[in-house]
Amino acid sequence: MSIGFGAFLFSFANLFVFGDIADTSDITGALLGICVGFVFIGIGLSIWWRQDLSFDGSYEPKAVGAPFKNIDIRKVAMWVFLWSEMMIFSSLFSTYIRYRVGLPKCENLYNDLVASGELVSGTAYTCYEPASQLIAASWWHLAPGAINTFALILSSFTVVQALRYAKMPDLDEEVRRKKIYRYLACTTMLACLFLTLKMVEWFIGFNVFGHEIPSLVSEGYTIHAANYQPHWAHGGDFMANIRVSASIFFVTTGTHGIHVLAGVIGLLYLTLKAYRGGFNPDNAVTIEYFGLYWHFVDLVWVLVFPFFYLF
Amino acid sequence: MSHTILGKDAYWMNMWGLMILTAIEVGAVGIDLSRSTTLLILIGIGIPKFLMIAGIFMHLTGDKDSRILTVTALFPTVFILIMVIFIGLTHPDATTALPAICRPGYYGL
C-alpha cells in the first residue's frame, strides 16, 4: 500500500506545473502512475480488509519483549504509525511558525508603507496574510470551520460509543449490532459533513439569511495569488504576494482533510462490517485501533483550527 | 480507565467539555482583544483540549497500558521540539530579537 501511495503522490504532483495543470501531452505518464497507485492501494486495502473481515479475535498477537510486553502488537503498531503522522503535521506546523514569524504581516506592512509614504502602486509586496483575516472577519465566514470542529468532537464521541457497545459483555447481539453500526454511521456522516463544509469553505461559498459568503478561492486566496488585494485595504492600491501563506494554509488543512477522507473510507468498511454483525467483545479492537487514528485526526484539528482559522 | 467524571460518564463529560471549550475559543475571537491576549486564550484552551482528547478518548490515562503508551506517544515530542527550536534559530532576527537574558553578554560572559 505504501508503494501505491508513493506512486500516486509522485504522479499526482507531476500533473501540475506551479498552480496549473500540465499540458495534456505531458500528463499521460502521470495519469498512468495515478492509476497504478490506485491499483496498489486497492490491492493493499482489499487484502487488509479480507483479513480483518474474518478476524474473530481468537488470535490477537501480543508483544513479547520490553517495553511493550503483553500489549497487542497491532496497538503498538498503530501508535508507531501515529508517531509518523505526528512528524508530518509537526513539519507543517513548523513551516507555519517559520513563515508566520519570519514574514511581515500584510496589514502591518501596509500600515508601515502608508505611514512612510513608500507604498508603490502596482507593486506586489511579499507578506504573510493569514487565512483567518478572511475567515474570522465574520461569524458567517467562521461558521463552516466552527461547525467542523464541533462535528469532529462529536464524531470522536460516537466512535468511542461504538467501541463501548462492541466491548460490552452480556449484551443482546441484535442490540449490539444496531448500536455499533448506528454510531459508526453517525461518525461517517459527521466526517462527510466535515469534508463537505471544507469544500464549501474553499471552493463554493454559501448564501444564508441574505449573507453571501464567498469561498476562499473566489476571494482570491489561492496558492498562486501573486497580486492579492486584501479586503481590509478597501480597494486601495496595495497588492500582496501571498503564495507562501496561502500554500501553508491549503497544504496543512488539505493534508488534514485527506486524513479525514481516509477515515471515511475506513469508516465505510467498519460500518458495513458492523451492519453485518461482525463485531463482538473479542474483536472490538479493530474499532479501538481505528478510533486511535480518528481521535488523532481530531487532535490535529484542535491545533489547526485556532492557529489557521482564528488567529 | 475510570469511566466517570464527577459521577457522569467520562466520554460524555469529555465531549461536552470539549464543546464548551471550543465555544469559548470561537467566542474569544469575536471579542475585541489584543492579539497577544487572543493568542494566550487560544493556547490556554488548546492545551486542555489536546490533553482531554489524548487522555480520555485515546485512553492515555486510566488503562493498564496507559503509562507505556503515553511514553510512546511522547517520544516524537523530542523531535518536534528540535524542529521548532531550530526553526526559531533560523529566523533572521533570532540572534538580535531574543530577550536580553538569552543573548551573549548578559551574564558578563
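Q: At what angle do helix α6 (residues 139-167) of chain A and α1(B) pack?
A: The structure is a predicted model. In it, the axes of α6(A) and α1(B) lie 10 Å apart. The angle at which these two helices pack is about 170 degrees.

Q: Are α6(A) and α1(B) roughly parallel or roughly antiparallel to each other?
A: Angles over 145 degrees count as roughly antiparallel. The two helices pack at about 170 degrees. The relation of α6(A) to α1(B) is therefore roughly antiparallel.

Q: Which residues of α1(B) make the contact with α6(A)?
A: On the side of α6(A), the contact includes A:Trp139, A:Phe150 and A:Phe157. By class, the contact of α6(A) with α1(B) has 13 nonpolar, 4 polar and no charged residues. The residues of α1(B) that take part are B:Tyr11, B:Met15, B:Leu18, B:Met19, B:Thr22, B:Val26 and B:Gly30.

Q: Which element gives the most to the side of chain B that touches chain A?
A: In the contact between the chains, 33 residues of chain B meet 35 residues of chain A. The elements that give two or more residues to the chain B side are α1 (10-30), α2 (35-57) and α3 (66-90) of chain B. With 11 residues, the element that gives the most is α3(B).

Q: How many residues on the side of chain B that touches chain A are nonpolar, polar and charged?
A: This side of chain B consists of 33 residues in contact with chain A. Divided by class, they are 24 nonpolar, 6 polar and 3 charged.

Q: How are α3(A) and α8(A) oriented to each other, roughly parallel or roughly antiparallel?
A: Helix α3 (residues 73-102) of chain A and helix α8 (residues 243-275) of chain A have axes 10 Å apart. They pack at an angle of about 160 degrees. That angle makes α3(A) and α8(A) roughly antiparallel.

Q: Is the crossing in which α3(A) passes α8(A) left-handed or right-handed?
A: The residues that meet include A:Ile88 and A:Leu92 in α3(A), with A:Val244 and A:Ile248 among those in α8(A). The residues of this contact divide into 7 nonpolar, 4 polar and no charged. The crossing of α3(A) past α8(A) is left-handed.

Q: How are α3(A) and α9(A) oriented, roughly parallel or roughly antiparallel?
A: The axes of α3(A) and helix α9 (residues 285-310) of chain A are 11 Å apart. Their packing angle is about 15 degrees, and angles under 35 degrees count as roughly parallel. The crossing of these helices is right-handed. The angle makes α3(A) and α9(A) roughly parallel.

Q: How many charged residues does the contact of α3(A) with α9(A) have?
A: Among the residues that make the contact are A:Arg74, A:Lys75 and A:Glu85 of α3(A), together with A:Tyr289 and A:Phe296 of α9(A). By class, there are 13 nonpolar residues and no polar residues. The number of charged residues is 3.

Q: What distance separates the centres of domain 1 of chain A and domain 2 of chain A?
A: Chain A is divided into domain 1 (1-54) and domain 2 (62-310). In the contact between these domains, 5 residues of domain 1 of chain A meet 6 residues of domain 2 of chain A. Taken over C-alpha atoms, the distance between the centres is 23 Å.

Q: What is the phi of A:Asn70?
A: A:Asn70 is found in the loop between α2 and α3 of chain A. Most residues other than glycine have a negative phi. A:Asn70 is not a glycine, yet its phi is positive, at about 70 degrees.

Q: Where in chain A is confidence highest?
A: The mean pLDDT of chain A is 90, and that of chain B is 83. In chain A, confidence is lowest in strand β2 (residues 20-21), at a mean of 69. At 96, confidence is highest in helix α7 (residues 173-204) of chain A.

Methods
Residues numbered from 1 in each chain as written. Chains lettered and ligands numbered in written order. Predicted model: local features only at pLDDT ≥ 70, side-chain atom pairs only at ≥ 80, totals over all residues. pLDDT = per-residue confidence, 0-100. Helix = DSSP H or I, 4+ residues; strand = E, 2+ residues; numbered from the N terminus. Axes fitted to C-alpha atoms, helices over the stretch in contact; angles between N-to-C directions. Parallel < 35°, antiparallel > 145°, perpendicular 65-115°, else oblique. Left-handed = near helix turned anticlockwise from the far one by under 90°. Contact = placed C-beta atoms within 7 Å. Nonpolar A, V, L, I, M, F, W, Y, C, P; charged D, E, K, R; others polar. Domains from an automatic or database assignment.
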